[in-house]
Amino acid sequence: MAFRPVTHVLFDMDGLILNTEDLYTVAFQNIVSQYGKNYTFDLKLKLMGLQTHETADMVVSALNLPITSEQFIEESKKQFDVLFPDTKLMPGAKRLIEHFHNNNIPIGLATSSSKESYDLKVNKHHTELFSLFPNKTFGSSDPEVKNGKPQPDIFLVSAKRFPDNPKPEQCLVFEDAVNGVLAAKAAGMQVVMVPDPRVPKNLTADATLVIDTLVDFKPELFGLPPFKP
Ligand SMILES: O=c1[nH]cc([C@@H]2O[C@H](COP(=O)(O)O)[C@@H](O)[C@H]2O)c(=O)[nH]1
Ligand SMILES: [Mg+2]
């Protein structure tokens, strides 16, 4: 497979830079357990990358919970307040972000999270790293991002926010979620997928490249500056 050279890079956040996916699983399981339900990985796969209200609608209806989506969002917030401040980084994320920054490659953050959720995840331990992204888009709280992933909106909005307004084919996306990969492809961008090992192989087929962790990424494959040995 031939990879095309790029000039700009867009990062997903949850499950890609930050290990928040395990925390979402705990939070959602804690809520649905009260109703005797199970938050399965199969359900999680379908909603990763969606916006907050879309996520809540899907869980409430898939598990037939006797509460409204608004109540589910309220319950989630209580869980997140406890769990998110101690979020850890995913392997290789800091090294790769700093590498692009040090080599003047423009990078953007394109997360479906809200700004409020971002603050909980980042402000205690990770502000220095995230300050390397001048260009940040928060899908769940940005009126310009009409539709969540798998629709392309967030990546198109995010690319437009670079001062030199790159074309989609100049942008490389990093994603862990199936919906995120579909969104990037729909935006006309190449996408490197770093999936949870439980994601079935057939659901990774749309990615331009699939790697186990960000540690394995070779920037020169996409015409970006290589790591010095
Ligand atoms: O188990 C879960 N995974 C993921 C999400 C959602 O997935 C998005 C993750 O954002 P990102 O695009 O940064 O991966 C967030 O909107 C979050 O609400 C969730 O609710 N529950
Ligand atoms: Mg993600």
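Colleague: Which domains does the domain assignment of the chain give?
Modeller: The assignment gives domain 1 (8–19 + 87–221) and domain 2 (21–84); such bounds come from an automatic or database domain assignment. This is a predicted model, in which local features need pLDDT of at least 70 and side-chain atom pairs count only at pLDDT 80 or more, while totals for chains, interfaces and linings use all residues. Residues are numbered from 1 along each chain as its sequence is written, and chains are lettered from A and ligands numbered from 1 in the order in which they are written.

Colleague: How many residues of domain 1 are in contact with domain 2?
Modeller: There are 21 residues of domain 1 in contact with 14 residues of domain 2, where contact requires C-beta atoms, placed from the backbone, within 7 Å.

Colleague: Which elements give two or more residues to that side of domain 1?
Modeller: They are helix H6 (115–122) and helix H9 (178–186). Helices here are DSSP runs (H or I, at least four residues), as are strands (E, at least two), numbered from the N terminus. H9 gives the largest share, four residues.

Colleague: Turning to ligand 1, where does it lie?
Modeller: Ligand 1 lies between domain 1 and domain 2, because both give residues to the shell around it.

Colleague: Which residues come nearest?
Modeller: Of the 22 residues around ligand 1, the nearest are Met13, Asp14, Tyr24, Thr111 and Ser112. A residue counts as near if its C-beta atom, placed from the backbone, lies within 6 Å of the molecule.

Colleague: And which helix supplies the largest share of the shell?
Modeller: H1 does, with four residues. Helix H1 (21–33), helix H2 (41–47) and helix H3 (52–62) each supply at least two.

Colleague: A new topic: is strand S5 buried or exposed?
Modeller: In strand S5 (residues 190–193), Gln190 and Val192 on one side and Val191 and Met193 on the other are all buried. Buried means 20 or more other C-beta atoms within 10 Å of the residue's own, with C-beta atoms placed from the backbone. In a regular strand the side chains alternate between the two faces of the sheet.

Colleague: What pairs with S5?
Modeller: Strand S4 (residues 171–175) pairs with S5 in the parallel sense over four bridges, and strand S6 (residues 209–210) runs parallel to S5, joined by two bridges. Pairing requires that DSSP finds at least two bridges between the strands.

Colleague: Which residues are bridge partners there?
Modeller: Val173 has Val191 in S5 as its bridge partner, and Val192 has Leu209 in S6.

Note on methods
Contact = placed C-beta atoms within 7 Å. Buried ≥ 20, exposed ≤ 12 C-beta atoms within 10 Å, placed from the backbone.
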